[in-house]
Amino acid sequence: MTSDEQLILELQKGSDEAFTELFLRYRERVYGFFRRRMNDAAQAEELAQETFLAVLRAVQRYEPRATFRAYLFGIAFNILAAHRRKSGLNATQSDSTREDVSDPSGTNPENVIWVRQAVDRLDVAEREVLLLREFEELSYEEIAKILRAPVNTVRSRLFRARMALREILATTPGNLGGRK
Amino acid sequence: MTSSTHPFEQEEVMAYLDGELSANRAANVAAHLRECAECAALAEQMRDVSVRLSDWSVEPAPANLTKNLEAARAEHVVAKVRKPRGFTGRLGGKFPFLRNRWVWAAASVAALLILVLRIGLPTARQESRQSEGLQLAYTEQSRSADTPESKAVGTASDNFKVRPAPPALPASRGSSPKFSSSSADGQSNPEPTAPMIARTASVSLTVKEFAPLEASVKAIAQRHNGYIASLTSNSPQDAARTLSATLRIPSAQLESAISELKQLGRVEQESQTGEEVTKEFTDRAARMKNARATEERLLDVLRNHTGQVKDILATEQEIARVRGDIEQMEADQRSLQTRVDFATVELSVQEEYKASLQGAPTATATRLHNAAVEGYRSAIESLIGLGVWALQALPTILLWAIALFAPGRWIWKRVRRTSVSQS
């Protein structure tokens, strides 16, 4: 299978197929990136669309030094930050209190709710590191670049986030949902 | 759990689970996890947190996302993704009409028309030049590119009739006999219609009479409307005198000038070479033309549009750069033109040497005096040399002597003691 990096290089040369392939590969993940950080599904969709357009606009600036995934979520993070600035929120601050969104694919909807509430209770900076690691699967270094923070800081925040989440989840009813 | 009781920080255990440790470090942490129940429990809790988080899936992306993106691409991609890069791209951003392909098509057609006209006009222009009484005229024979003369390297100048010009004003400087258009407006580029050949000749002579040679060479250069670029004359005491000169002669008169030079003495060696520079000239002319067109367009942009100050500055910088290029190319073109207009003749002349008995031998008294002076001088020199050497080397010798004194003494005593005991 052609790697993401090869595809973006082909896109630089004007290949429409390469863009379509990248879009298909990352559509769900980019949408998920915004959806986990905001309550408004329509808004998440709009920002996901904006992210892909930004990739197209800035494709010539991509340098093969970074993985495409890090590049893509870097753009997504910047778009999210810009959106939050417009909305009067901090770059790493999440939207207003989220309504619980039903999760059609989840094995146990209750678990999802507890997990989300637990994540919401985390410190904002720690939460962002956790999400970028767990869902966007970025390395510490890639996260550090996106957040413009030292790698050690990223590691410490991630550790604190996981420890805090462990404490919160241990005291929530979700803990009884069949898992340890 | 701290590093005082465990060899690894908790964060390192986490980094191990995330695959962020080096292979060595990871192997050590893995080994420790097998032995340490506390750390293994921490790792298990970390994994559990990740598993719990993985429950948090979101609904699939709406189908609209694909549709809307396609629509947005249709609007933006053509204009933005395929936007030409570089300076023209930035201009296109500021002046949307430049993005229109029809504007570029019209400009290309206009450029092509101008090119065709430029190539088609030479003959007509040539006629007008003749009537204007220029010094050099293009003859009917030279238009026939098939004649052997015009093909042969080194004979292209035969195609031109040269009118006498005052020596102070070198014949065709600034205007070429081979070009169909002049540079009257300072903008047009001459188009070569015959091969342009930079000619070089080399002549070596041996003469019997050396004295009048320099004047003769100067006279020949002057007679042929050329000039002497350099002239060196050597008159060693016990050897033949030599003269070497570089003459610049109008290409058209090269042959006659060389034949006159050859009459000055016996020819030892003669050679002629011709370097065809038509392509170089034409290429540069085309580049100059393009650069001028670019400059004109940039000036138009500057005149007709009022943008932000930084855009105006960027345009002005670009104009300055293009102007610099044009001036550099013009200078190169002029230099090449001079090489074509004026052939280079390397003249090397040697006098036929006759050895002669000169002067009386030096007096014995003088020789003795000179020898005494030399002897005294060398004695003083050797004394000074010794002093210099001593000053340079003595410190080192002293140092080593001090350093080696004690071990030397010890060895000496030991040897003596051994010899005494043996005896």
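Reply: The turns below treat the interface, a strand and several salt bridges of this predicted model.

Me: How many residues of chain A are in contact with chain B, and how many of chain B with chain A?

Reply: On the side of chain A there are 52 residues in contact, and they meet 37 residues of chain B.

Me: How should I express the size of such an interface?

Reply: The size of an interface is often given as the accessible area lost when the parts come together. Here, the area buried between chain A and chain B is about 4400 Å². Carbon and sulfur atoms give 60% of that area.

Me: Which polar features cross the interface of chain A and chain B, and how many are there?

Reply: The rule finds five salt bridges across the interface of chain A and chain B. It also finds 14 residue pairs in polar contact there, with both residues at pLDDT 80 or more.

Me: Which elements of chain A give two or more residues to the side that touches chain B?

Reply: They are α2 (16–35), α3 (41–57), α5 (109–120), α6 (124–134) and α8 (151–170) of chain A. By residue class, the side of chain A that touches chain B divides into 22 nonpolar, 13 polar and 17 charged residues.

Me: Which residues are linked with A:Arg133 in a network of salt bridges?

Reply: The network joins A:Arg133, A:Glu134 and A:Arg162 with B:Asp18 and B:Glu20. Within it, the side chains of A:Arg133 and B:Glu20 form a salt bridge at 3.8 Å, N to O.

Me: Let us turn to a strand. Is strand β7 of chain B largely enclosed or largely open, and why?

Reply: Residues under 20% relative accessible area count as buried. Strand β7 (residues 342–351) of chain B has seven of its 10 residues buried, so the rest of the structure largely encloses it.

Me: Which strands pair with β7(B), and in what sense?

Reply: One partner is strand β3 (residues 197–207) of chain B, which pairs with β7(B) in the parallel sense over eight bridges. Between these strands, B:Thr206 stands opposite B:Gln350 of β7(B). Another partner is strand β5 (residues 242–250) of chain B, which pairs with β7(B) in the antiparallel sense over nine bridges. In that pairing, B:Leu243 has B:Val349 of β7(B) as its bridge partner.

Me: How many salt bridges does the structure hold over all chains?

Reply: There are 34 salt bridges over all chains. One of them joins the side chains of B:Glu260 and B:Arg223 at 2.4 Å, N to O. This pair links distant parts of the chain, 37 residues apart: B:Glu260 is in helix α11 (residues 254–262) and B:Arg223 in helix α10 (residues 213–223) of chain B. B:Glu260 is partly exposed, at 21% relative accessible area.

Me: Which parts does the salt bridge of B:Arg339 and B:Glu275 tie together?

Reply: The side chains of B:Arg339 and B:Glu275 meet at 2.6 Å, N to O. B:Arg339 is partly exposed at 33% relative accessibility, as is B:Glu275 at 40%.

Me: Where do B:Arg321 and B:Asp325 lie?

Reply: Both lie in helix α13 of chain B, four residues apart, which is about one turn of the helix. B:Arg321 is partly exposed at 45% relative accessibility, and B:Asp325 is partly exposed at 35%.

Terms used. Residues numbered from 1 in each chain as written. Chains lettered and ligands numbered in written order. Predicted model: local features only at pLDDT ≥ 70, side-chain atom pairs only at ≥ 80, totals over all residues. Heavy atoms only, no water. Contact = heavy atoms within 4.5 Å. Buried area = accessible area lost by both parts, 1.4 Å probe. Salt bridge = Lys/Arg side-chain N within 4 Å of Asp/Glu carboxyl O. Polar contact = N/O pair within 3.5 Å; in protein donor to acceptor, adjacent residues only side chain to side chain. Nonpolar A, V, L, I, M, F, W, Y, C, P; charged D, E, K, R; others polar. Buried < 20%, exposed > 50% of the residue type's maximum accessible area, 1.4 Å probe, protein only. Pairing = 2+ DSSP bridges.
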